Amino acid sequence: MSVQASSLIPAAPQIAARAYVVMDADTGKVIAQKNADTAFPPASLTKLMTSYVLDYELGKGNITKQDLVLISEKAWRTGGSRMFVREGTQVKLEDLMKGIIIQSGNDASVAVAEHIAGSETAFADLMNQHADLLGMKNSNFMNATGLPKEGHVSSAMDMALLARAIIMDYPEHYGIYSEKYFTYNKIRQPNRNKLLWRDKTVDGLKTGHTDAAGFCLVASAKRDGMRLISVVMGTNSEEARAQESQKLLSYGFRYYRTHQLYNANETLSNATVWSGARDQLRVGLADPLAVTIPRGQVDQLEAVMDIDQVIKAPITKGDVYGKVNILLNGELVEEVPLVALEDIQPAGLLKRIWHAIMLFFIGLIG
């Protein structure tokens with residue numbers, strides 16, 4: 001049997017990292033990975049969760065960007081990479097947000113943690129609650145900075161999930177991750193993500209480094225409407241984390257494409273309704289559906305609908321009445337529920353009785 005040249009996909013490139021993953025941001029499809037679920041010290045990649053919790057609290061209205069945050073002695077004394085805030089001063093939360101993301105400020109991270117939760121320990125508990133909600137199964141956060149601490153770990157897959165949540169859930173704040181410089185207290189510091197200078201399609205996210213963690217980078221890029229997230233953990237230099245991330249992104253963009261198949265609330269079929277005020281029900285998907293597949297294989301995609309045989313009123317919009325299976329060359333790549341796109345009230349008594357009799361005699365109900 002001949003194989004179309006367009007469907008040949010090479011293996012992922014050799015990546016000099018302890019662990020890595022490259023994922024499509026829209027679909028969550030993992031294109032390549034190695035040791036992706038192994039827990040390692042995440043260093044300052046931790047600050048992605050710190051900023052995610054900050055995004056969440058802003059979204060809930062519990063805090064505002066204009067809040068003035070009092071800098072504690074603990075925040076001021078925190079070592080490592082710093083924003084250079086001064087003890088006893090009040091700093092606008094918006095500036096601390098940039099200090100965390102752009103300058104990787106440990107002092108800014110502690111200040112924000114204390115402002116939101118009262119203490120860094122209480123904030124770490126919040127971080128772990130969010131990690132659970134996001135399905136980050138191999139993460140445990142002990143602080144807001146990523147400074148070395150026994151038991152403070154995460155994985156490449158978890159960091160990809162977190163980056164995806166930041167991009168999808170809080171797009172209004174995502175632009176900060178692409179800013180190349182931030183000046184505070186007359187000190188101008190560059191973003192440590194070298195890819196922001198080398199590749200105009202890269203617009204985030206965060207670097208990390210400690211002796212235990214090695215050099216780490218979570219990056220994201222968007223080309224031709226397709227967004228990828230790459231994570232490398234445990235490379236051996238600043239240059240290596242940039243180069244290895246670039247390899248992963250290049251591989252994903254070159255050999256894969258994301259195809260938008262259906263919109264949310266788009267009518268995919270009309271199903272027969274029994275005992276309803278109406279006899280037809282529009283069914284479709286609650287959320288948009290896209291799939292990430294090897295380039296050149298879109299013609300091999302097939303959608304198969306499996307609709308429940310008997311659908312009886314009353315019907316509430318969102319009720320599940322079957323599924324859509326997306327197949328690629330006969331193999332299942334995605335399964336999503338088919339839902340009612342409208343409400344349908346029960347029919348009058350006579351019609352309900354008549355339909356019950358019909359269902360009985362055609363053998364659909366016993």
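User: Which residues form a nonpolar patch on the surface, and how much accessible area do they have together?

Analyst: In this predicted model, the nonpolar surface patch is formed by Leu-349, Leu-350, Ile-353, Trp-354, Ile-357, Met-358, Phe-360 and Phe-361, which together have about 910 Å² of accessible area. One of these residues, Leu-350, lies in helix H10, which covers residues 349-361.

User: Why does Leu-350 count as exposed?

Analyst: A residue is called exposed when its relative accessible area is over 50%; Leu-350 counts as exposed because its relative accessibility is 73%.

User: How should I read the largest pocket, and which residues are closest to its centre?

Analyst: A pocket is an open set of points, whereas a cavity is one that the probe cannot get out of. The largest pocket here has a volume of about 320 Å³, and of its 16 lining residues, Asp-26, Arg-164, Asp-287, Pro-288 and Val-336 are the closest to the centre. Helix H6 gives the most to this lining, with 4 residues, and by class the lining has 11 nonpolar, 1 polar and 4 charged residues.

User: What is the lining of the second largest pocket by class?

Analyst: That lining has 2 nonpolar, 11 polar and 5 charged residues, around a space of about 220 Å³. Ser-44, Ser-81, Arg-192, Gly-208 and His-209 are the closest to its centre among 18 lining residues, and strand S7 supplies the largest share, 5 residues.

User: Which residues line the largest cavity?

Analyst: The largest cavity, with a volume of about 30 Å³, is lined by Ile-101, Ile-102, Gln-103, Ser-104, Asn-191, Arg-192, Leu-205, Lys-206 and Thr-207. Strand S7 (residues 202-210) gives the largest share of this lining, 3 residues.

Key: Residues are numbered from 1 along each chain as its sequence is written. This is a predicted model: local features need pLDDT of at least 70, side-chain atom pairs count only at pLDDT 80 or more; totals for chains, interfaces and linings use all residues. Side-chain values use heavy atoms; hydrogens and water are left out. Patches are made of residues with over 30% relative accessible area and no salt bridge: like charges are joined within 9 Å, nonpolar side chains (Val, Leu, Ile, Met, Phe, Trp, Tyr) within 5 Å. Accessible areas come from the Shrake-Rupley method with a 1.4 Å probe; for residues, only the protein chains shown count as cover. A salt bridge is a side-chain nitrogen of Lys or Arg within 4 Å of a carboxyl oxygen of Asp or Glu. Helices (H or I, at least four residues) and strands (E, at least two) are DSSP runs, numbered from the N terminus. Buried means under 20% relative accessible area, exposed over 50%, partly exposed in between (1.4 Å probe, protein chains only). On a 1 Å grid over the protein atoms alone, a cavity is a set of points where a 1.4 Å probe fits but cannot get out, and a pocket is an open set with protein on both sides within 12 Å along at least five of seven lines; lining residues have an atom within 4 Å of a point. Grid points are joined across faces, edges and corners, and a volume is the space filled by probe spheres set on the points. Ala, Val, Leu, Ile, Met, Phe, Trp, Tyr, Cys and Pro count as nonpolar, Asp, Glu, Lys and Arg as charged, and the others, Gly among them, as polar.
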